[in-house]
Amino acid sequence: MSDEPQQPSGEHYPRGRAPRDPAAHGSAGASGATSGEPGDGNESGRTKKAKRTGWRRAVPTWRMVLGSVLFVAALLIGGFIAGYALVDIPAANTSATAQSNVYLYEDGSVLARSGEVNRENVKLAQVPLTVQHAVLAAEDRDFYSERAVDLKAMTRAAFNTLTGKGKQGGSTITQQYVKNYYLGQEQTVVRKIKEFFIAVKLNREESKEQILKGYLNTSYFGRNAYGIQAAAQAYYSKDIGDITTAEGAYLASLLNAPSKYDVVAHPENKAAALGRWNYVLDGMVKEKWLGADERATMKFPQPGRIKPPTGLSGQRGYIVQAVEDYLTGNDIIDENTLATGGYRITTTLAKKKQNALVKAVDDNVMTYTSPDRPADRNVRVGGASIDPGTGRVVAMYGGIDYTKQYVNNATRRDYQVGSTFKPFVFTAAVVNSSTTQDGRRITPRTIYDGTDKRMVQGPDGPTGYAPANEDDIDYGPITVTTATDKSVNAVYAQMAEDVGPDKVKQTAIDLGLPKNTPDLTAYPSIALGVSTASVLDMTEAYATLANHGRHGAYTLVERISKGGEDIELPDSRHTEQTVHRTAADTTTSILQSVVEDGSGTAAQGAGRPAAGKTGTAEEDKAAWFAGYTPDLATVIAVMGQDPETGVQKPLYGALGLARINGSGAPAQTWAQYTEAALRSTPARNFDLELESGAEEPTPPTDEETGPQNTTTPSETSSGTPPNSPGTTPPGEPSTPGSNEPATGGTNTNTPAQGSTNNGGGDNGDPHDDNTGGDSNGFLPGPRGTPAPSQ
């Protein structure tokens, strides 16, 4: 039989298939394949294209790529044409006459209504050219030369938002005007699409001057001011035509974040507002709208006092402000959207508790003020109360009257918290199983050296920091519990060093203080409360202690709705064990002692088990009491501030007293409020799980409680100070189960050389309150900032 392929009547292989063995045909077969002759499987004479195999199959061909690009381009062009044809410029939206927001107590009764919208339209010619340029420098420097929509900026803003860099603005002034006047503030894809097409059409139908005029008349500037004329009156009590370049730059700065940059309502944000103001002026110079010489002579134009609507008098205005800050600060709703009105906001505030807090402040503070005493005009009070189990703010006191004292004393962050910070140091010690410098575990029974101006000792020796005790009292060897009762600075500064200031700072944050709390610095002075947390911040932290170390961010809003539709709120029920229970509960045990035997005995007026701590800011500019029962955590602070200049003032002579301290009016206010707020509930004892070695300490000895006369080495018969490490004072218990020395840290028993510090505090007469560690008694940090008295 022939080896050649058979004819169709007797072929061995499928039609059109070549033999598998190329050798059977030799080079002729190969030649035939390239020439298109019969037998090569391509009877038409075209070369057969090899099939793509392996990873090449996943790579699109150039035809596919080109086809896809053309399809997408056609889709976009078609979509643009359709959108441009279908989206018309609508009539002005209803926000031009925005509704009021309604604020409710938790029981649904009306708490407050926001004021009517304040707007007065003006012609563009009435706005000084320098003010127009300031707005452009702040918001859109290429306004006159650019298109209606900046696609590049929009893409960048979308990318930054998606990659977690926060919500970014990418809108031109034209787009912002469309949003303000024709649409709304809601952040939806549909609204952004409409905004895009309306802006394109508007840019073709109206001049740049008409668009800028509309933008200036519809933008929100804060203080319930819509439009630049209303803003000029709200901040400077002038018509817009009389506004200077510097004032105009500040008004332009407000467009970015109205409440954030209002330096009267939020004095703690002055640096941020100043930075934005400088950014605007520098932009004007860069665009040649302002001369560099003129810019160099400009000073920040401090805006005038807030003139709130009369409907926000009393506590109402403070509460509305706090609720708005809560909603915008937690990204629940942005400020411009909230300002359009029509929202129904149910707060967590309990009406009976709110009234009880106001009455307690009136009875224990405001009743004792007199117009005949100059010091009484400086008195301010802040208060906040939180349910530890839920994190709900149930009461808040912001000041005597929002229309008279417009800064919310419950939320401001510019007064030192004093010794109310000390419990966080002890909590940190338990959390981290810390020991003294000589290796003894820190418990309520651990003995420390309470010598006045005792140099804080670190692992490498003296730290250079030697804080004074209140009234320069020497306490000698005392337990941690007694040091807490008497608020002994020397003990707690050393404890902070023993634990590690960075660990103390982290524990304070874990308990609830914001990470960005001013002056929350990792240095031994952190123990003395030099940081300036707000009353509400401190209440949240103490609520965590009351809740056995479980922390949940406070909540001020129970529900928010508009048009019958609810807006999603953060999960207020979520809590975390940020500090282990034994640490929180052991701290509670020593704070119970403060109320029972220490500086907080006035809190016993609540008539139920309580724990708390007194505190005083440097130079007695503020007096605090922070405390809690198992059911309620409350912080009260009395502050001194000049009502005209805003400068913090000592409270000497206020309320007819030589000095105000935490054990007085603040603790008394706390007691009256707590008794009234919990009157209808049964008293509960604390359920505590204490750390090992934290049992009830033995009664203090006379040596422990009585002031000690400190002698320097030169006054003793030898160069070794008494009570040096390794000696146990007579009558003092050592740590249970331990044969270690009973002194805290390394005791030099010698004041810091050159220290002139005197401690202020919760009792006694006023003193100079410098507690720093350099030769002038100042703390590390900005020169001239003394530590608070304790």
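Modeller: A residue counts as lining a cavity when it has an atom within 4 Å of a cavity point, and helices and strands are DSSP runs numbered from the N terminus. Please keep in mind that this is a predicted model.

Biologist: Which element gives the largest share of the lining of the largest cavity?

Modeller: Helix H19 does, with three residues. The lining has 16 residues, and Pro388, Gly391, Arg550, His551 and Gly552 lie nearest the centre of the cavity. By class, nine residues of this lining are polar, five are nonpolar and two are charged.

Biologist: What makes helix H17 largely enclosed by the rest of the structure?

Modeller: Buried means under 20% relative accessible area, and eleven of the eleven residues of H17, residues 489–499, are buried, so the helix is largely enclosed by the rest of the structure. Among the buried residues are Tyr492, Gln494, Glu497 and Asp498. After H17 comes Gly500, with a positive phi near 110°.

Biologist: Why is H3 called roughly perpendicular to H10?

Modeller: Helix H3 (residues 129–139) and helix H10 (residues 270–286) pack at an angle of about 110°, their axes being 8 Å apart. Angles of 65 to 115 degrees count as roughly perpendicular, and therefore H3 is described as roughly perpendicular to H10.

Biologist: Which residues of H3 and H10 meet?

Modeller: On the H3 side they include Thr130, His133 and Glu139, and on the H10 side they include Arg276, Tyr279 and Met284. This contact has six nonpolar, three polar and two charged residues.

Conventions
Residues are numbered from 1 along each chain as its sequence is written. This is a predicted model: local features need pLDDT of at least 70, side-chain atom pairs count only at pLDDT 80 or more; totals for chains, interfaces and linings use all residues. Side-chain values use heavy atoms; hydrogens and water are left out. On a 1 Å grid over the protein atoms alone, a cavity is a set of points where a 1.4 Å probe fits but cannot get out, and a pocket is an open set with protein on both sides within 12 Å along at least five of seven lines; lining residues have an atom within 4 Å of a point. Helices (H or I, at least four residues) and strands (E, at least two) are DSSP runs, numbered from the N terminus. Ala, Val, Leu, Ile, Met, Phe, Trp, Tyr, Cys and Pro count as nonpolar, Asp, Glu, Lys and Arg as charged, and the others, Gly among them, as polar. Buried means under 20% relative accessible area, exposed over 50%, partly exposed in between (1.4 Å probe, protein chains only). Axes are lines fitted to C-alpha atoms, for helices over the stretch in contact, and angles run from 0 to 180 degrees between N-to-C directions. Angles under 35 degrees count as roughly parallel, over 145 as roughly antiparallel, 65 to 115 as roughly perpendicular and the rest as oblique. Contact means heavy atoms within 4.5 Å.
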